[in-house]
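Please open the model in the viewer and keep the selection panel at hand.

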Amino acid sequence: MPTFDIVSKIDGQTLDNAINTAKKDILNRYDFNGSKSTIDLDKKTNILTVVTEDDMRLKAIQDAIISRMVKQQLDPKALDFGTEQYASGNMIRKEISIKEGLDKEAAKKVVKKIKDSGLKVQASIMDDQVRVQAKKIDDLQAVISLCRGEDFGQPLQYINMRN
């Protein structure tokens, strides 16, 4: 039976390139001259830590990161902007987590959407991905177009198409 997997992954090297380029852009800007702003990416935990002086600079850093991700063809929906906390002195710290893999709620939404569509396919949750099976490849392609038209809060990729 033909199958494929629905996953949510981000390329680590492309993300690292986007963050480094955003860092260079920020540090070269005139309004950040003399600023103590830092942007650090922890590759093991997929958490991006931004430390800066005020809300305006924090917003500018977030915009630079999002624009660089778009230019590198990464979906900014993979970023989960938490709340900002006040660090030592007048500094503001914000931890931005990068979503990898489908969480349980998003996977349940995907499976429910597929089952409600009435297509003759079976969708099952396997760890952090959704496997879709059908008798015809045309049904699988219909599922892909259905999922592309919906917003599940995470970027989706469709991999491992097999006959």
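Begin by selecting Leu146: leaving aside neighbours within four places in sequence, this residue is in contact with Lys113, Ile114 and Ser117. The model on display is a predicted one. Leu146 belongs to helix H4, and its relative accessibility of 24% makes it partly exposed.

**Helix H3**

Next, select residues 104-116, which form helix H3. From the first C-alpha to the last, the 13 residues of H3 reach 18 Å, close to the 18 Å expected at 1.5 Å a residue. Which residues of H3 are buried? They are Ala106, Ala107, Val110, Val111 and Ile114. These residues lie on the same side of H3, because the arc they cover around the axis is only 135 degrees. Colour the other side separately: Glu105, Lys108, Lys109, Lys112, Lys115 and Asp116 are exposed there.

Now display what the buried residues of H3 pack against: strand E1 (3-7), strand E6 (121-126), strand E7 (129-134) and helix H4 (137-148).

Proceed to Leu156, in the loop between H4 and E8. Leu156 counts as buried, at 17% relative accessibility. Not counting residues up to four places away in sequence, Leu156 touches Ile6, Val7, Leu102, Val110 and Cys147. A distance drawn from Leu156 to Val7, C-alpha to C-alpha, gives 5.7 Å, although the two are 149 residues apart in sequence.

Gln129, in strand E7, is the next selection. Is Gln129 buried or exposed? Gln129 is buried, with a relative accessible area of 17%. With residues up to four places away in sequence not counted, Gln129 touches Asp5, Ile6, Val7, Leu102 and Ser124.

**Rings**

The structure holds one aromatic pair. Select Phe4 and Tyr158 to see it: the ring centres are 6.2 Å apart and the planes stand at 65 degrees, so the pair is edge-to-face. Phe4 lies in strand E1 and Tyr158 in strand E8, so the pair ties together parts that are 154 residues apart in sequence. Phe4 is buried, at 1% relative accessibility.

For a ring with a charge over it, select Phe32 together with Arg57. The charged end of Arg57 sits over the Phe32 ring, 5.6 Å from the ring centre.

Not counting residues up to four places away in sequence, Leu15 touches Ile10, Leu41, Met69, Leu74 and Ile98.

**Two asparagines with positive phi**

The last stop concerns the backbone. Select Asn46, in the loop between strand E2 (38-42) and strand E3 (47-52). Its phi is positive, at about 55 degrees, although Asn46 is not a glycine. Asn46 is buried, with a relative accessible area of 18%.

Finally, select Asn160, in strand E8 (residues 157-162). What is the phi of Asn160? It is near 55 degrees, a positive value in a residue other than glycine. Asn160 counts as partly exposed, with 37% relative accessibility.

Note on methods:
Residues numbered from 1 in each chain as written. Predicted model: local features only at pLDDT ≥ 70, side-chain atom pairs only at ≥ 80, totals over all residues. Heavy atoms only, no water. Helix = DSSP H or I, 4+ residues; strand = E, 2+ residues; numbered from the N terminus. Expected span 1.5 Å × (residues − 1). Buried < 20%, exposed > 50% of the residue type's maximum accessible area, 1.4 Å probe, protein only. Arc of directions from axis to C-beta. Contact = heavy atoms within 4.5 Å. Phe/Tyr/Trp six-rings, centres within 6.5 Å; stacked < 30°, edge-to-face > 60°. Lys NZ or Arg CZ within 6 Å of the ring centre and 35° of its normal.
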